[in-house]
Amino acid sequence: MVRVLPKLGLEYQLNPELMLYSHVSRGFRSGGFNGRPTSISEVAEYDPETLTGYELGLKSQWLDNRLRLNGGLFLNKYRDQQVVIISASETGISAITENAGRSTMQGLELELSALPSANLEISAGLAYLDAHYDEWHDDTGDHSDRDFEYAPDLSGNLAMRYSWQFDSGSSLVLRGSGAYKGETYLDATNTEQLHAPGHTLWDSSLKYYSADSRWEIGLHGKNLGDKRVLNAGFSALDAFGFVEGSYNAPRRVLLSVKYLVE
């Protein structure tokens, strides 16, 4: 079977600093069969998934290219979206791919980068996301109110980088960053025990570069606030009555040394 996946885009350069764009496209994922059945009843096929995406946005550079601002609105409409469901089976646990009827992912993204000086660079990003199933029915009921897994409603990031250039030719670079992720479900069935709350993680680093670029010595701080949050999970409530989850790493301080051998 031949499928045509069109994409149509338009761009308009409003002025040298500002460009507007829009596009619409169609995507496709082939269907198949559940590859690891644990019983005869699980030997089943699932349908192809199709996606129609719309986007409207802008790209801009200001102040002699020292300030960059990009943004976009998007709408993605899924039909027969493929979803992996982990549940009880005749022999224990099964992972079955099935099709949700219709679903929608829509939102807004903004990106900003600035160069206030030759030594300082700042970047930031913000995203709002609404991702949910519009129509999903199977043998276990109506799941049309479920949210997508790993799809936070709000997320953002901020990073700053400052560098020092020495007369010897060596350099020192200080970087700090923070990333926020809103509350999200970690499984397609929206198990409440796998509902991760919103959180912010902070990192930093200080790196020294030798004049000949052969030595690189770095001191790194990861998860400086020692925030512990769920980042993955597995629900077996209906089969064994438990939920299994994994957490991010705790606060860490790392030392790195690199030497380039010619």
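Reply: We begin with the elements. Helices (H or I, at least four residues) and strands (E, at least two) are DSSP runs, numbered from the N terminus. The model is predicted, with local features requiring pLDDT of at least 70 and side-chain atom pairs pLDDT 80 or more, while totals for chains, interfaces and linings use all residues. Residues are numbered from 1 along each chain as its sequence is written, and side-chain values use heavy atoms, leaving out hydrogens and water.

Me: Where is Y150 found?

Reply: Y150 sits in the loop that runs between β10 (141–142) and β11 (154–165). Although Y150 is not a glycine, its phi is positive, at about 55 degrees.

Me: Which residue other than glycine has a positive phi near 60 degrees?

Reply: That residue is S213. S213 belongs to the loop between β15 (199–209) and β16 (215–222).

Me: How is the accessibility of such residues classed?

Reply: A residue is buried under 20% relative accessible area, exposed over 50%, and partly exposed in between (1.4 Å probe, protein chains only). The areas come from the Shrake-Rupley method with a 1.4 Å probe, and for residues only the protein chains shown count as cover. Y150 is partly exposed because its relative accessibility is 43%, whereas S213 is exposed because its relative accessible area is 57%.

Me: What is a salt bridge, and how many does the count give?

Reply: In general, side chains of opposite charge can pair when their charged atoms come close. The rule asks for a side-chain nitrogen of Lys or Arg within 4 Å of a carboxyl oxygen of Asp or Glu. The count by this rule is 2 salt bridges. In one of them, K77 and D134 meet through their side chains at 3.9 Å, N to O. This pair links distant parts of the chain, with K77 in strand β6 (residues 67–89) and D134 in strand β8, 57 residues apart. K77 is partly exposed at 37% relative accessible area, and D134 is partly exposed at 35%.

Me: How is a charged surface patch defined?

Reply: Patches are made of residues with over 30% relative accessible area and no salt bridge; like charges are joined within 9 Å, and nonpolar side chains (Val, Leu, Ile, Met, Phe, Trp, Tyr) within 5 Å. Lys and Arg count as positive and Asp and Glu as negative, with His and the chain ends not counted. Each charge is placed at NZ of Lys, CZ of Arg, CG of Asp or CD of Glu.

Me: Which residues form the negative surface patch?

Reply: E135, D142, D145, D147, D153 and E183 form this patch. E135 lies in strand β8 (residues 120–135) and is partly exposed at 36% relative accessibility.

Me: Which residues gather in the patch of positive charge?

Reply: They are R161, R175, K222 and R252. K222 lies in strand β16, and R175 in strand β12 (residues 171–181). R175 is partly exposed, with a relative accessible area of 39%.

Me: What does R175 touch?

Reply: With contact meaning heavy atoms within 4.5 Å, and residues up to four places away in sequence not counted, R175 touches A159, M160, R161, D203, S204 and S205. The C-alpha atoms of R175 and L206 are separated by 6.4 Å, although these residues are 31 apart along the chain.
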